2 protein chains.
Amino acid sequence: MTLTAGLASRLREILPADRVIDDPTTLIPYAYDASFWSLRSRRMPDVVVLPETTAEVSGVVRAAATSGTPVVARGGGTGQTGGAVPARGGIVISFARMRRVLEIDRTNLQCLTEPGIVYVDLNAALAPHGLFFPPDPGSGRACSVGGMVANNASGPHAVRWGTTSAYVLGAEVVLADGSVIVTGGQRSKALKSSSGIDLTKLFVGSEGTLGIITRLRLRVQPRPAARAVILAAYDDLAGTVATMDDLFAAGILPATAELLDQSAVKALMAWKPDLALPDGEAVLFIEIEGGKGEIAASAREAEKIVQRRARLTRLAEDEAAIQRLWAARAGLAAASALVFPGKHRVFAGEDLAVPISEIPRTVRRAREIAAETGITVIFYGHFGDGNVHSGILIDPSDPDEVNRADDLADRLHRLAIEVGGTVTGEHGTGAVRSRYMRAEHGDALDVMRRVKAALDPQGIMNPGKLYGDEV
Amino acid sequence: MTLTAGLASRLREILPADRVIDDPTTLIPYAYDASFWSLRSRRMPDVVVLPETTAEVSGVVRAAATSGTPVVARGGGTGQTGGAVPARGGIVISFARMRRVLEIDRTNLQCLTEPGIVYVDLNAALAPHGLFFPPDPGSGRACSVGGMVANNASGPHAVRWGTTSAYVLGAEVVLADGSVIVTGGQRSKALKSSSGIDLTKLFVGSEGTLGIITRLRLRVQPRPAARAVILAAYDDLAGTVATMDDLFAAGILPATAELLDQSAVKALMAWKPDLALPDGEAVLFIEIEGGKGEIAASAREAEKIVQRRARLTRLAEDEAAIQRLWAARAGLAAASALVFPGKHRVFAGEDLAVPISEIPRTVRRAREIAAETGITVIFYGHFGDGNVHSGILIDPSDPDEVNRADDLADRLHRLAIEVGGTVTGEHGTGAVRSRYMRAEHGDALDVMRRVKAALDPQGIMNPGKLYGDEV
């Protein structure tokens, strides 16, 4: 019996045989996520398990601990950093079968859910109650809420609503020895607490390297009754920074401020000319939220402020028009494929976050680097919190282009740190950005490692990620 | 030379002599904070130091580490848990001389500050820029921002704006061996990040038990241009819960929803009859924020919803009237002294947070416990996030009354856990609530201890607090 066969048979004592996968063909999809890295490095798991209960997850981790086998949690597999990919083999725990919403409690503004639930499914369950879970990642139609928590994901609305971290009130966590704890109070439904140290927020964003989350207590929010979007075009990127500052000075915090660089506008217009997006160095989508009675007044007040700097503005007030704009924004990837036939979008160096004031310099320098490396890139992002996404478009079968894309991604990551930013605003560190941790965090990386060693002394929880290792 | 004299003379090699205090009389104030516990237990420091730089703090902690001496950070000394009191002697590091605001950067919605700055001073510095730091503790006129961070403090506006944790982007931290790290990116000014594990939020709320914060990078926000307050009276506490749920269902998240129990209304009316607070089992102050142009419409929309359940409502729209209401709310302690001459407010069992739906049951049961113990209590709190404060009024020179107050506080803490809440919503654990950590957190307490041991192996950082010890 091979090592893998032995492991699989031990796991079949914990889960029904059909929820333990070890035939090589079926294992293949678990070697990938959306990262360019995973496409090329093909890190296969030895075994994949599909637990349905916390007890099963606990049993699997206990078996892994006994044998010193790596364990990697996997949600929707939409990550862009290799976070859910078994960098060093071992067991992948898929949460595909733990996706129940266990409770929605509007009075107490919270819900209890399993981590495998897909983001849009959670929001669909919340909608009839007038509630929503605010962080809104671009991969929301496919990503799991557990994956969002693991990476502290967010999206356009983080400007107003913050990141996933702000919405996790508590978690059930399977530790590296298989034992189970509940953070945020064993039986608590409190909306805030200063009791003990904040273990919940330690597990949020730790990418399964400190423990595996099996249940989430999430803060949810009343969904604002109305919204409006101001579309603003700028001749110069500097104007976008000035508009944000004007809004802040007027006491206005928009719900979103989405940036489309000229490259993104061009791609979208080739795809959907009827959007009639204006020309310029940049376009912002500024969303304002409010009650039905006053949204028109709020939007007009904000639009007047935006007009000080923008070359032109357009106000979308009816929900159909707003949804058309957001659908176009979401279709940027599709648009790129159309404009650059033969090129594929690869995810690398795609998630810089920099100070808002540094966005113009960052985007312009990034364009130069793209030109220097001869790679086509579309820039866009969540302007209101400095999150600049780069859509790298290459022919992955051209080794030289791939090399240049690697160089580009590396230089973008270094650029982010150089301008006072971070290598990842919302996608996570994973395998891909682990090598930048020392440059970004300095000696704080050693403290991260001490916490890791305290909670996972054997180093079996998602090894090869996040703590500065090269994989 | 005594041990203390030896320690003081070592510290005088690090700081100027006049910023190292070891004469017993001058040490006395540092044995106290606002907790009833500290009044009675008189835990004296051996030495107090008043550093002006991070290097000095680092030097002091290094000296403490060498000699195995406890180190306790102290901000404004307004805490209610003994958090800044040296439970086991040693060195108190006062941040009274580290209170500079180093930078305010509106474009990037952040500021850089030393931890000793008083909350109102920070907001005064931010105001000319149209900015504010949202968490708003009741002790804001005296508490330090560093203390707020240490305890993850909040206040009425946490309903809309969240707690301090949401506003700490990064921190400079002196570790238990005297070394210095920067969390949230060494040179970062990013507004969000998924890079590495979130050490910042691990230090927030850890009460100086994992490290001592010497500099803070804080997210600040544009101050909403206008607000209105709906004052609502209820015959029955259940109506307050229903009102909140009605507002949530309508997509309205108020900025605050402050609760005054009948006991608090009575005290306030005896103090300021011109407030003309209505009778009933409870009164809510519901604040709505918005732009100048639409606040009237928003407030009226909300008031109409509140009228479904409230016996009567009153709308305060001009800023002077609103400030009068909030000043009255802030004067609750003064009011109690007036209504119950000879009684003193003591802080114990004062910070329960429970699910919103459980507030009526909690307050009613708490009133019963107060009656059973024969103690006068005023109840009030931040209704919108379930935070129930109890103002215990006793004659501290009456040993029997003191014993009954202890019993009352203990039973209130246990009540909070029993109804699915937490022993502290925003004040912290400290020495006072450490004993409830096992009941509230179960095995998660052991994980807290492992993190503590990893970062402070000698146990010199604020010993006797937070991790379940009895002091």
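Across the interface of domain 3 and domain 4 of chain A, four salt bridges are found, a salt bridge being a side-chain nitrogen of Lys or Arg within 4 Å of a carboxyl oxygen of Asp or Glu. The structure is a predicted model, in which local features need pLDDT of at least 70 and side-chain atom pairs count only at pLDDT 80 or more, while totals for chains, interfaces and linings use all residues. Residues are numbered from 1 along each chain as its sequence is written, chains are lettered from A and ligands numbered from 1 in the order in which they are written, and side-chain values use heavy atoms, with hydrogens and water left out.

Chain A is divided into domain 1 (3-94), domain 2 (101-222), domain 3 (226-329) and domain 4 (340-431), with bounds that come from an automatic or database domain assignment. The C-alpha centres of domain 3 of chain A and domain 4 of chain A are 23 Å apart. Contact, defined as heavy atoms within 4.5 Å, involves 19 residues of domain 3 of chain A and 15 residues of domain 4 of chain A. Of the area that domain 3 of chain A buries against domain 4 of chain A, 34% is supplied by A:Leu237, A:Val241 and A:Leu259, more than by any other three residues.

Between domain 3 of chain A and domain 4 of chain A there are 10 residue pairs in polar contact, both residues at pLDDT 80 or more. A polar contact is a pair of N or O atoms within 3.5 Å; within protein, one must be able to donate a hydrogen and the other to accept it, and residues adjacent in sequence count only if both atoms are side-chain atoms. On the side of domain 3 of chain A that touches domain 4 of chain A, two or more residues each come from α9 (237-249), β13 (256-261) and α10 (262-271) of chain A. Helices (H or I, at least four residues) and strands (E, at least two) are DSSP runs, numbered from the N terminus. The largest share of that side, six residues, comes from α9(A). Its residues divide into 11 nonpolar, three polar and five charged, where Ala, Val, Leu, Ile, Met, Phe, Trp, Tyr, Cys and Pro count as nonpolar, Asp, Glu, Lys and Arg as charged, and the others, Gly among them, as polar.

Individual salt bridges were then examined. The side chains of A:Arg364 and A:Glu281 meet in a salt bridge at 2.9 Å, N to O. Another joins the side chains of A:Arg367 and A:Asp261 at 2.5 Å, N to O. This pair links distant parts of the chain, with A:Arg367 in helix α14 (residues 359-373) of chain A and A:Asp261 in strand β13 of chain A, 106 residues apart. Both A:Arg367 and A:Asp261 are buried; buried means under 20% relative accessible area, exposed over 50%, and partly exposed in between (1.4 Å probe, protein chains only).

Between the chains, 97 residues of chain B are in contact with 96 residues of chain A. The area buried between chain B and chain A is about 7,200 Å², of which carbon and sulfur atoms give 56%. B:Lys192, B:Ser194 and B:Ile197 supply 12% of the area that chain B buries against chain A, more than any other three residues. Six salt bridges are counted between chain B and chain A, including one between the side chains of B:Arg106 and A:Asp245 at 2.8 Å, N to O. The interface of chain B and chain A also has 46 residue pairs in polar contact, both residues at pLDDT 80 or more. Helix α17 (residues 444-455) of chain B gives the largest share of the side of chain B that touches chain A, seven residues. The residues of this side divide into 39 nonpolar, 37 polar and 21 charged.A:Lys192 forms a salt bridge with B:Asp385, the closest N and O atoms being 3.4 Å apart. A:Lys192 lies in the loop between β9 (180-182) and α8 (199-203) of chain A and B:Asp385 in the loop between β18 (376-382) and β19 (387-394) of chain B, so the pair joins two chains. B:Asp245, in helix α9 (residues 237-249) of chain B, touches A:Arg106 and A:Thr107, not counting residues up to four places away in sequence.

Key. Buried area = accessible area lost by both parts, 1.4 Å probe.
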